[in-house]
Amino acid sequence: MGKTTSCASLGTGLALRGHKTVMIDFDVGLRNLDLVMGCERRVVYDLVNVIQGEASLHQALIRDKRADDLFMLPASQTRDKDALTLEGVEQVIDALSLDFDYILCDSPAGIERGAQLAMYFADEAVLVTNPEVSSVRDTDRIIGLLQAKTRAAQNGGKIHEHLLLTRYNSQRVAEGEMLSLDDVQEILAVPLIGLIPESEAVLKASNKGIPVIHEEGTDAAIAYQDAVSRLLGETLPLRFAEPQKSGFFSRVFGGRK
């Protein structure tokens, strides 16, 4: 469970609360957001088509079947990552900002061109990680890029960062098999927006092409609903975080100061 699953549920949650929201898939070559949203058969045009003037935004945007205020702009499966240009992405985002309250840029894994373009124009960043050393290390690197390689950073500003910790299993934490919430927070030093427990509901929802936030009553849906509330500025108690083990991993890994 990663960035795309979380983007789909956060975007859906914002739209269900009346905020007109659009999600852009930046994973050129793979294109998974439309699968998670269950609209893959409705894709005709994509982000690259819009950037290259082969289609209008209106033609490429897909309206969600379950939330009237939710739209998505799919990535291309057939183009090269170099088809994305900084100028083209800026034009798309500027145009979307006229009509939408929230623009969610679903970044691909790693630090390739798609990921860098997804973060470049951001005002806020939701850092999605899971409680494993390799994932947290990658997230730490992304934080460095956010603080140095974005438009806000180049202009002397700062992107507001939020941490979303996924696939959290308190039993495995207690047994020392994965990092604790305290470990991750000590390492990354980013405010927590949500804690998503490891849940079978996520896989079942993805297989059905439904964002898991729609699976009312499941622990994952509740956790994503809480994350949306915090993103909107609400203060809520944290659920699904049971007593933790001491920070052995963070002492080995080294925390941010």
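Strand β1 is joined to β4 by 5 bridges, and the two run parallel. In this predicted model, Thr 21 has Tyr 102 as its bridge partner in β4. Strand β1 also pairs with β3, again in the parallel sense, over 4 bridges; here Val 22 is partnered by Phe 71 of β3.

Turning to the aromatic rings, the model holds 2 aromatic pairs. The ring centres of Phe 71 and Phe 100 are 5.5 Å apart with the planes at 75°, so this pair is edge-to-face. Phe 71 belongs to strand β3 (residues 70-73), whereas Phe 100 lies in the loop between α5 (86-97) and β4 (102-106), so the pair ties together parts that are 29 residues apart in sequence. Phe 71 is buried at 13% relative accessibility, and Phe 100 is buried at 10%. Tyr 120 and Phe 121 form another edge-to-face pair, with 4.8 Å from centre to centre and 85° between the planes. Tyr 120 is buried, with a relative accessible area of 14%, as is Phe 121, with 9%.

Phe 100 has a further contact: the charged end of Lys 20 sits over the Phe 100 ring, 5.0 Å from its centre.

Definitions and conventions: Residues numbered from 1 in each chain as written. Predicted model: local features only at pLDDT ≥ 70, side-chain atom pairs only at ≥ 80, totals over all residues. Heavy atoms only, no water. Phe/Tyr/Trp six-rings, centres within 6.5 Å; stacked < 30°, edge-to-face > 60°. Buried < 20%, exposed > 50% of the residue type's maximum accessible area, 1.4 Å probe, protein only. Lys NZ or Arg CZ within 6 Å of the ring centre and 35° of its normal. Pairing = 2+ DSSP bridges.
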